[in-house]
Amino acid sequence: MTKTIRNIALLSLASLTLAAAQAQTPSTSPSKLNSKQDIPYDSADPRQKLDIYSPEGAKNLPVIFWIHGGGWQTGDKSSVQVKPQAFVDKNFVFVSTDYRLLPDVEIATIFRDVAKSLRWVHDHIAEHGGDPSRILVMGHSAGAQLAALISIDDRYLKAEGLSLAIIKGCVPVDGDTYDVPAIIETAETRCRVHGLPLPTFGHRAKFGNDPAKHRDYSAVTHVAKDKGIPPFLLLPVAAHPDTTAQAQRLETVLKEAGVSVTRFPARETTHNKLNENLGLPDDPATKALFDFVAEALKK
């Protein structure tokens, strides 16, 4: 009897241990991620390429179009951290695009490159399991400026035979140039009052020295009612005064035009860390991002 009781106890303990181990193991493993690299969207330059990440057997899935940062002069499409896997796990196709850089080209050429890349995605993403009618545009830093401008100033997509209707939502991540004149004045005033030299390659140099172009290259300039501007989620770093002010400025203009906009100030993070952590479990900005995407795709 004693031996029988001991065996039962051991079996019960083993069952409890197995149950505990199972409880600590994620119920779902990461989806298999298929990637296709260096797909040209134009033949004019080696940087006019993009990468596509998709789940196994993808078909008619919503698409994330990601634009890297780097001050319009550095960076490349491989700087995606955990984003492709995070979105593929949620049944998205993830596209990361390159574009030509300063000073090799003028800033407006970069805008046109992004529009050309988005045109290629719209025309060909179905071949890679994506749905061209459900594209969301996102970007970090300089990529945030590009994402916002392309999603608001419809001239660039119109030049490619498209309209803003192809964009279901826009998520600019910690950008400081939705209002170019404002950031130029802010940065130069800060240097002047502190007796500091102007940066050798600051915003004025990057965007040219023509005030009319500064306004024209600003997303806020082109916001208007009934234009088909998609919903926006703005993700600034809460402790960053410039990106916070720029996000507030764009938020105000969008709201005045009746465009749906949410601003999520990311706390206890930095410009780079916010970008690197997007897609990680338990990251607050990631939760806000996926909540926004789910809502945007309902419309």
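Which residues are linked with Asp38 in a network of salt bridges? Asp51 and Lys77 are linked with Asp38 in that network. A salt bridge here is a side-chain nitrogen of Lys or Arg within 4 Å of a carboxyl oxygen of Asp or Glu.

Some ground rules. This is a predicted model, where local features need pLDDT of at least 70, side-chain atom pairs count only at pLDDT 80 or more, and totals for chains, interfaces and linings use all residues. Residues are numbered from 1 along each chain as its sequence is written, and side-chain values use heavy atoms, with hydrogens and water left out.

Now confidence. pLDDT is the predictor's confidence in each residue, from 0 to 100. The chain has a mean of 91. Residues 1-27 stay under 50.

Back to the salt bridges. The structure holds 18. Take Arg119 and Asp123, whose side chains meet at 2.4 Å, N to O. Both lie in helix H3, residues 107-124, four residues apart, about one turn of the helix. Helices are DSSP runs (H or I, at least four residues), numbered from the N terminus.

How exposed are they? Arg119 is partly exposed, at 28% relative accessible area. Asp123 is partly exposed too, at 37%. The cut-offs: buried is under 20% relative accessible area, exposed over 50%, partly exposed in between, with a 1.4 Å probe and protein chains only.

Next, Glu188 and Arg204 meet in a salt bridge of 2.8 Å, N to O. Glu188 lies in helix H6 (residues 180-193) and Arg204 in helix H7 (residues 203-207), so this pair ties together parts 16 residues apart in sequence.

Last pair: Lys298 and Glu295, at 3.4 Å, N to O. Lys298 counts as exposed, at 64%. Glu295 is partly exposed, at 41%.

Note on methods
Contact = heavy atoms within 4.5 Å. Helix = DSSP H or I, 4+ residues; strand = E, 2+ residues; numbered from the N terminus.
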